[in-house]
Amino acid sequence: MKNKLFNLTQWRLAILFTSLLIIFLVSFILITYFSLVSNVRNEQENRSIALAHEEFEDHRKDLLEWNFKKSKERREWHDREEIEYKPNAKTFYFVISRDGTIIDGDETHPEVRSDLLEKLKNWYPEENEVRKLTVEIEDEGKLDILLSGKSVYEHGQYLGTIYAGTNISEETAIIRTLLFILIILTIIFSIASAVLGYWMAGRAMVPISNAFRKQKEFTADASHELRTPLSIMQSSLEVIEAEDRQNLSPFSVTVFDDLKDEVKRMSHLVNDLLVLARSDLDKQEIKKQWFSLTNVFEKLQRKFQYESEKQNIQLAVTIPTELDAYGDEEKITQLLFILVDNAIKYNVPNGTVTVSAQVANNQLRIDVADTGVGIPADHQKRIFDRFYRVDQARSRDQGSSGIGLSIADWIVKVHKGKLVVTSEEGKGSTFSIFLPIPK
Ligand code: ADP
């Protein structure tokens, strides 16, 4: 129980630490990456626009001249190769007349020219407009290009456009590599922060778990120390009862009986507390072995026969013939005592309590059913909590503390079994124990 709770808390803390670390890490990386990319992009666009302006100033005259050429001259021009090849350059330009003739230009990759021109067709760039294009180069991959341009007009008449391009493939490749490295780094650091988070959560749990342990040890020690004076009180009361009861006044007899009841109740409570505190510390010894369930059922009947008759309740224990169970005999007996005690305590006059056992599906099933007050649905989950009582007043009258079912639940859990309650208010309850049977 304790370990589970601490493990769960450690995991929760670890997830919290890790998520926080990852959020910081990822935000840092994203902000760095995107501001870098946007700076580089801005710079590239500005350069591209400046280039377009430069080429415009240098070549708008060509378009004006072209406009005055005769069609024969134009044809001659058209037949000449006017594009200069500059393999090592980073930039290029085309001066294209309105009839689609390239009248001047230079280029770095002649093999993509037609592809590029196709993409430029019908694009009349606005002032400072920049476009990014990607063209495929056969066997070489891709070419990333930033394009800008300016159209030339004379007396409102469109003469042509000057396009200027910059090859940004290298920068794009660097940014892509950077992104790849950042993703890998994010993955590595996320894993590292998960490990670190778990470790840090573990460190944070140490003082809490020590404090928890000290507190449990205190409860266990205190309950243990209280047992001796309580049993001395109990035996002293028995001695007084044997020797002096007849000499006591009727009032003193009542006080004496109350005192005996209270001491008995306190011994029970202290014993229960000790069991719980030890179970929390994993110090409660569990000795599992085969034992006769038949004997336990007989003991159960003997113990509760008188009590149930006194309360006008019919106790029907179906004693199985030679049925064995596997587990800690003392604990299983305690478990059944708790359930039968409750079934009698929370019953109604003339009610019944039945106890039966059966083996099915490799499980031992024991049912303790009563026709008592029942448990309202919204309380059914909580009755296994420590000190939880449905009806505080009634329970206190019965001398109960709300610990019984939490001990029962613990006993079933250490046997890797299940304790299930089905109940209807006013009709009764059935507590079913399922215990695994080893092969
Ligand atoms: P208690 O010492 O109060 O009996 P338990 O842990 O055994 O403590 O039970 C917790 C509460 O569950 C009880 O106070 C009672 O309200 C309810 N309860 C337990 N068993 C039954 C039952 N057979 N019928 C009705 N209510 C029950």
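Which residue has a polar backbone atom 3.1 Å from an oxygen atom of the ligand? I found Val390 there; a polar contact here is a pair of N or O atoms within 3.5 Å.

Bookkeeping: the model is predicted, so I note that local features need pLDDT of at least 70, side-chain atom pairs count only at pLDDT 80 or more, and totals for chains, interfaces and linings use all residues. Residues are numbered from 1 along each chain as its sequence is written, and side-chain values use heavy atoms, with hydrogens and water left out.

Ligand, continued. I looked up Gly404 and found a backbone N or O atom 3.3 Å from a ligand oxygen. On the side-chain end, an N or O atom of Asp370 sits 2.9 Å from a ligand nitrogen. Asp370 is also among the nearest of the 21 residues around the ligand, with Asn342, Tyr346, Ser400 and Leu405 (a heavy atom within 4 Å counts as near). By class I got 10 nonpolar, eight polar and three charged residues in this shell.

Cavities next. I took a cavity as a set of points on a 1 Å grid over the protein atoms alone where a 1.4 Å probe fits but cannot get out; lining residues have an atom within 4 Å of a point. The count is two of 30 Å³ or more.

The largest cavity holds about 80 Å³. Its lining includes Phe92, Phe94, His109 and Arg113, and divides into six nonpolar, three polar and two charged residues.

How values were computed. On a 1 Å grid over the protein atoms alone, a cavity is a set of points where a 1.4 Å probe fits but cannot get out, and a pocket is an open set with protein on both sides within 12 Å along at least five of seven lines; lining residues have an atom within 4 Å of a point. Grid points are joined across faces, edges and corners, and a volume is the space filled by probe spheres set on the points. Ala, Val, Leu, Ile, Met, Phe, Trp, Tyr, Cys and Pro count as nonpolar, Asp, Glu, Lys and Arg as charged, and the others, Gly among them, as polar. A polar contact is a pair of N or O atoms within 3.5 Å; within protein, one must be able to donate a hydrogen and the other to accept it, and residues adjacent in sequence count only if both atoms are side-chain atoms.
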